[in-house]
Number of protein chains: 4
Amino acid sequence: MHEHRVHVRYAETDQMGVVHHAAYVPWLEEARIAAMKDLGCSYRELEQAGIMMPVVELELQYRRPLHFDDAVAIRTTVAVLGPSRVAFSSELVGPDGQLRACGRVVVAACTTAGRPTRIPDGLLDMLGGG
Amino acid sequence: MHEHRVHVRYAETDQMGVVHHAAYVPWLEEARIAAMKDLGCSYRELEQAGIMMPVVELELQYRRPLHFDDAVAIRTTVAVLGPSRVAFSSELVGPDGQLRACGRVVVAACTTAGRPTRIPDGLLDMLGGG
Amino acid sequence: MHEHRVHVRYAETDQMGVVHHAAYVPWLEEARIAAMKDLGCSYRELEQAGIMMPVVELELQYRRPLHFDDAVAIRTTVAVLGPSRVAFSSELVGPDGQLRACGRVVVAACTTAGRPTRIPDGLLDMLGGG
Amino acid sequence: MHEHRVHVRYAETDQMGVVHHAAYVPWLEEARIAAMKDLGCSYRELEQAGIMMPVVELELQYRRPLHFDDAVAIRTTVAVLGPSRVAFSSELVGPDGQLRACGRVVVAACTTAGRPTRIPDGLLDMLGGG
């Protein structure tokens, strides 16, 4: 389990006075990339090596709102689903320790030309799927 | 079934050269609000009347990428799930007529104070749940 | 003078209850690309031909707020500043016909490698700088 | 001079392979709010006390691109322009210490009803305009 922190930007609020639901999506991405880095895998280097990991599935359940200036802890677990798919499940916890939202993202390795490809073995090992 | 069109903005692309997966979320919102308007319900007036409909669940499956300048057709169906919940299911179709993504959003009526509330009967009728 | 219309998205509001100031920036971009298209120049094709036009200067003055669901008219004029620079000046007008904001963006042609380059003569003619 | 750091999100890139120019605007906001907090002024509490500080002017010059995963230092200086206006000037510096962009934002104090108002004396003192 990897923990990443974000701090709510004013631009991420909407006129309900809470964080807009779309703003959680780049947070999940940031937390996912940080979790991969913790495991020894730089997503930047992965792309430079010609492997991209676009999102193929996204799910979010919103339990309680988040507000401007809140510190949010994003706790992410990684699960290798197959030779080209990885799932990242996240809990988003507010400054009071309460669960605010749950997210799940599946990414699928592909080449720069957009064709499905296998995740390199070394990386698969790092992600726990070896 | 309601159809809404969006035109991909340059700002919605990312360095993979395709539309970033987070950009679809405001599109679904725009399509949902347009679908409600088609049914006779102005979301702007609903909020002015003290009823908000925050998103409580979001799901997206991404099938094929979309690109800058693409015209995207978003076909949305509405289903009333209960006295305070409505689901909007959308198919996103690219300029070639091919399915690019499927989305589903559930909203839950609440007061401006954030407490759950019933959707007014008149509106529920309009949304097909009367 | 070219006119382009946008319709304010809910996601573009913030907790002040108005459109967030950052949301105007992709609108200016959309209006700029539409103005170029009106003049016969597809920005999509320009990039495919290896010429990019990143923004090098941005200015915005905000006069009166815009709100969710507003229709906004963006009136843009184009001025060629030199062989590689073009300025786009825009007025953003609200649904009541009142000026809401003024913007000015300067773009500079460069190659895909990021090196400055001349705008092709044909395009420069289209933009009024021949 | 106040320094704030941001870390480039993948979602902030565009298909040129660099950070999209609109993404700098929420960064300036985040840096501005952090600078105010350093000076003893919580923007969150300011709004709760009924004073908002919407942006009335925005300028950005882009010198060199920023990339995904870059650490960006934003160095901001504050200048009180009058009883209701404050200017924030920022330099954005890349991971190599080179200047990437300069920004300037002017905010104007107003009430929750949107009417201009004076910045409270205590806050004006904190911002260096006493």
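This is a conversation about a predicted model and the terms used to describe it.

Visitor: What are the conventions here?

Guide: The model is predicted, with local features needing pLDDT of at least 70 and side-chain atom pairs counting only at pLDDT 80 or more, while totals for chains, interfaces and linings use all residues. Residues are numbered from 1 along each chain as its sequence is written, chains are lettered from A and ligands numbered from 1 in the order in which they are written, and side-chain values use heavy atoms, with hydrogens and water left out.

Visitor: What makes α1(A) largely enclosed by the rest of the structure?

Guide: Buried means under 20% relative accessible area, against over 50% for exposed and partly exposed in between, with a 1.4 Å probe and protein chains only. Of the 15 residues of α1(A), 12 are buried, so the helix is largely enclosed; among them are A:Trp27, A:Leu28 and A:Ile33.

Visitor: How do you know that the span of this helix is close to the expected one?

Guide: The expected span is 1.5 Å times one less than the number of residues, and helices are DSSP runs of H or I with at least four residues, as strands are runs of E with at least two, numbered from the N terminus. Helix α1 (residues 24–38) of chain A has 15 residues and reaches 21 Å from its first C-alpha to its last, close to the 21 Å expected.

Visitor: Why are β4(A) and β5(A) said to pair?

Guide: Two strands pair if DSSP finds at least two bridges between them, and strand β4 (residues 71–82) and strand β5 (residues 85–93) of chain A have nine, in the antiparallel sense. A hairpin of two residues joins β4(A) to β5(A), and A:Ala73 stands opposite A:Val93.

Visitor: Why is the pair of C:Tyr24 and C:Tyr62 called edge-to-face?

Guide: Rings of Phe, Tyr and Trp (its six-membered ring) pair if their centres lie within 6.5 Å, and planes under 30 degrees apart count as stacked, over 60 as edge-to-face and the rest as tilted. The centres of C:Tyr24 and C:Tyr62 are 4.9 Å apart and their planes at 85°, so the pair is edge-to-face. C:Tyr24 lies in helix α1 and C:Tyr62 in strand β3 of chain C, so the pair ties together parts that are 38 residues apart in sequence. Both residues, C:Tyr24 and C:Tyr62, are buried.
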